[in-house]
Amino acid sequence: MKTVILGQGAIGTLLAARCEQLHLDYAVMGRQTRLHTLHFQPLTGAGQILSSPSISPAQLRGDELLLLPLKAYQLLPAIQSLKPFLHQQPLLLLHNGMGVLDEVQPLLAGHTVIQGITRLAVLKEGSQVRETGRGATDLAWVTGCNAQAKDVLNTLLSPCTWHADLLPAMWQKLAVNAVINPLTALYQIKNGELAAKAHRSAIHQLCKEIGQLMQTLKLPGAGNLEATVLQVIQATADNNSSMYQDLRLGQRTEIDYINGFVCKKAHELGLQVPHNEALWRQIKAQEQTTGS
Ligand code: KPL
């Protein structure tokens with residue numbers, strides 16, 4: 001089964017490099033322009049020049065596995081523009097934050113849809129792409145099921161775990177991103193610097209608000225959020241979070257799908273989440289000043 005990767009973002013480039021290493025049949029679909037030649041530096045070993053085969057939407061045949069490792073806010077417009085060329089191929093959504101599935105599902109009737117969250121860590125600066133950490137990926141079928149797609153993903157995303165219900169893992173990841181991403185972006189610090197005592201109260205309040213939401217939604221894991229977040233701060237100490245990188249580059253952030261999603265859910269459930277709301281507002285203000 002041919003794998004088609006949409007875009008040349010950080011995770012997309014890492015997946016293309018893995019396809020090369022594994023000699024998988026693959027191609028990259030540029031989102032607007034033609035593909036760039038990139039330099040990829042894996043965590044260990046020699047760097048490689050990555051000049052991936054390209055494919056256009058009109059060349060899709062219908063038997064591919066489509067991987068969409070995009071920013072949360074890019075997914076709806078990407079799927080809208082691809083829609084006339086889609087033939088119900090299986091398709092993987094891989095992004096930070098939540099709320100995307102509700103936006104795109106009406107466009108994907110008949111498709112096998114897979115949702116994923118990944119702890120792969122990659123830094124992209126211009127044409128330089130550097131793998132900065134290796135972590136597992138969690139996957140689940142949203143609709144349908146496809147054995148060939150499963151084989152490809154098990155090879156490409158190893159180590160990965162398939163879940164009957166991805167929601168609890170998605171909320172855990174949401175909490176991690178709702179704490180680490182906006183705080184590191186606002187204070188312009190590496191993830192590890194959030195371990196300082198000065199940030200403990202903010203971390204506690206944010207986790208408490210998200211934990212209350214999870215309890216109301218009867219999701220497991222609400223009690224471990226703070227411990228999980230502190231563990232990720234330690235494990236990714238040397239990272240610049242994706243939101244910190246986005247603001248530095250003057251790009252839009254995923255805040256609407258992270259703390260913004262928390263606020264929208266809280267509103268629906270009649271709960272107050274003032275700490276998440278404040279961060280949502282502050283990052284939106286920063287987006288304005290950096291011209292994102
Ligand atoms: O997912 C991340 C991100 O930066 O978006 C974390 C886990 C915070 C690692 O940097």
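How many Å apart do the C-alpha centres of domain 1 and domain 2 lie? They lie 24 Å apart.

## The model

This is a predicted model: local features need pLDDT of at least 70, side-chain atom pairs count only at pLDDT 80 or more, and totals for chains, interfaces and linings use all residues. Residues are numbered from 1 along each chain as its sequence is written.

## Two domains

The protein splits into domain 1 (3-162) and domain 2 (167-290). These bounds come from an automatic or database domain assignment. The contact between them draws 13 residues from domain 1 and 14 residues from domain 2. Two residues are in contact if their C-beta atoms, placed from the backbone, lie within 7 Å.

On the side of domain 1 that touches domain 2, α2 and β9 (128-133) each supply at least two residues. That side has six nonpolar, five polar and two charged residues. Here Ala, Val, Leu, Ile, Met, Phe, Trp, Tyr, Cys and Pro count as nonpolar, Asp, Glu, Lys and Arg as charged, and the others, Gly among them, as polar.

## The UniProt segment

UniProt lists residues 166-286 as "domain: Ketopantoate reductase C-terminal", in an unreviewed entry. Such annotations may be inferred rather than shown by experiment. Over residues 166-286 the chain is 66% helix and 0% strand. The end C-alpha atoms of this stretch are 32 Å apart. Helices (H or I, at least four residues) and strands (E, at least two) are DSSP runs, numbered from the N terminus.

## Around the ligand

The shell around the ligand has three nonpolar, eight polar and no charged residues. Among them are Asn 96, Val 176, Ile 180, Val 232 and Ser 242. Helix α5 (residues 167-187) gives the largest share, four residues.

## Strands β5 and β6

Strand β5 (residues 65-68) pairs with β6 in the parallel sense, over three bridges. Pairing needs at least two DSSP bridges between the strands. Leu 66 has Leu 91 of β6 as its bridge partner.

In β6 (residues 91-94), Leu 91 and Leu 93 point one way, and Leu 92 and Leu 94 the other way. All are buried, with 20 or more other C-beta atoms within 10 Å of their own.

## Leu 82

Leu 82 sits in helix α2 (residues 72-82). Leu 82 counts as partly exposed because it has 18 C-beta neighbours inside 10 Å, between the buried cut-off of 20 or more and the exposed cut-off of 12 or fewer. Leu 82 and Ala 235 are 153 residues apart in sequence. In space they are 37 Å apart, C-alpha to C-alpha.

Note on methods: A residue is near a molecule or strand if its C-beta atom, placed from the backbone, lies within 6 Å of it.
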